[in-house]
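Please open the structure in your viewer and keep the selection panel at hand.

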Amino acid sequence: MKSNTHRIFSRSLLSVTALTLVAGLCLAELRREQEDAKQPPKDSRQDVSKIGDRKVGKAVNFYSLEKEIALGRRLAEDVERTAKIVDDPVISEYVNRIGQNIVNNSDAKVPFTIKVIDSEEVNAFALPGGFFYVNTGLIELAQDEAELAGVMAHEIAHVAARHGTRSATRSQLVQFATIPLLFVGGWAGYGIQQAANFAIPMTMLKFSREFEEDADFLGVQYMYKAGYDPASMVQFFERLKAMEKKKKNFVARAFSSHPMTKSRIRKVQKAIDEILPERPEYAVTSSEFDDVKARLTQLNARRRPAHEDPDRPTLKRNPNTEPILPGEQDADTEDERPRLTRRDPPKA
């Protein structure tokens with residue numbers, strides 16, 4: 001009897017051991033597959049550890065960095081002649097600090113000037129040379145600081161990759177194909193002449209699908225390097241896509257020239273899954289973000305006309321009185337007005 005009991009116990013122990021061994025092997029295989037999913041960088045553009053030392057933006061470009069900055073400064077002057085810049089020091093300093101942190105963790109080779117525009121449109125845009133504007137409408141739509149940082153990182157990536165002047169260069173190259181080679185110097189001479197002309201219309205700053213996806217790819221790396229949760233970019237894009245369907249003209253035309261397609265969002269998520277090493281924690285939001293949104297609410301209240309503010313006191317005319325027409329004045333009312341009289345000098 002003891003022998004049978006011992007035999008059964010031994011078999012059970014072996015079964016448990018075997019199951020434990022199999023489970024261990026399966027777990028090890030699963031971990032190996034997860035590690036393999038993080039593919040080693042195929043080139044420097046996928047290596048976040050080399051951000052700042054990569055050749056991002058290296059391509060055919062008729063504009064030197066100096067000319068690019070000059071171009072951006074002229075375009076920025078045009079923007080600020082018509083836009084209302086927020087002068088609240090708390091709001092402007094906070095947004096500038098977020099942007100400069102991302103710039104310091106990017107491939108950008110130019111200094112950035114970051115300002116906030118008082119506009120309800122959901123928009124942000126960066127001009128060539130590092131002149132960057134964020135609308136208050138974008139800040140209000142963002143649910144946390146990381147979402148705002150994700151959009152800013154996307155725009156900073158446009159500047160880092162020099163998409164503006166590269167787009168202008170491509171446009172000029174297309175023009176060259178229709179120009180007879182009768183100019184002095186041929187294409188090269190004509191290219192130098194065109195490159196010296198800074199009068200590029202704003203339509204040149206609407207980027208191709210290729211450049212938009214490139215800015216997504218680089219931007220998600222920059223926000224990751226700056227310490228933010230890269231998934232927040234996907235989260236914001238998905239919400240923006242859903243809101244665009246419900247409400248037309250929800251975002252500014254320049255910001256929606258290339259919509260948030262499923263393919264575009266999927267590629268951002270793929271970059272997060274495949275090239276960004278996992279971190280134990282990320283920055284998502286802060287109390288400052290909540291403070292800034294509260295100040296924007298106050299800013300909107302001041303901007304809203306009196307008839308649109310339900311909490312603002314208004315004056316109403318007594319319905320029992322006759323209205324006073326222009327040019328007419330009630331005699332009693334006129335007598336009640338204070339008058340200035342000259343005082344006679346004292347008698348000697």
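Of the 348 residues in the protein chain, 39% are buried, where buried means under 20% relative accessible area, exposed over 50%, and partly exposed in between, with a 1.4 Å probe and protein chains only. What you see is a predicted model, in which local features need pLDDT of at least 70 and side-chain atom pairs count only at pLDDT 80 or more, while totals for chains, interfaces and linings use all residues. Residues are numbered from 1 along each chain as its sequence is written, and side-chain values use heavy atoms, with hydrogens and water left out.

Strand β1 (residues 113-117) pairs with β3 in the parallel sense over 5 bridges, and here Ile-114 stands opposite Phe-132. Strand β2 (residues 124-127) pairs with β3 in the antiparallel sense over 4 bridges, with Ala-124 opposite Val-134. The hairpin formed by β2 and β3 has 3 residues between the strands, and Gly-129 in the turn has a positive phi of about 90 degrees.

Stay in β3 and select Val-134. Why does Val-134 count as buried? Val-134 counts as buried because its relative accessibility is 0%. Show its contacts, meaning heavy atoms within 4.5 Å: leaving out residues up to four places away in sequence, Val-134 touches several residues, among them Val-95, Val-116, Ala-124 and Leu-148. Met-152 is another residue that Val-134 touches, and the two are 18 residues apart in sequence and 8.0 Å apart in space, C-alpha to C-alpha.

Finally, look for charges over rings, a term that requires NZ of Lys or CZ of Arg within 6 Å of the ring centre and within 35 degrees of the ring normal. Select Arg-264 and Phe-237, where the charged end of the arginine sits over the ring, 5.4 Å from its centre. Then select Arg-279 and Tyr-224, where the corresponding distance to the ring centre is 4.0 Å.

Conventions: Pairing = 2+ DSSP bridges. Helix = DSSP H or I, 4+ residues; strand = E, 2+ residues; numbered from the N terminus.
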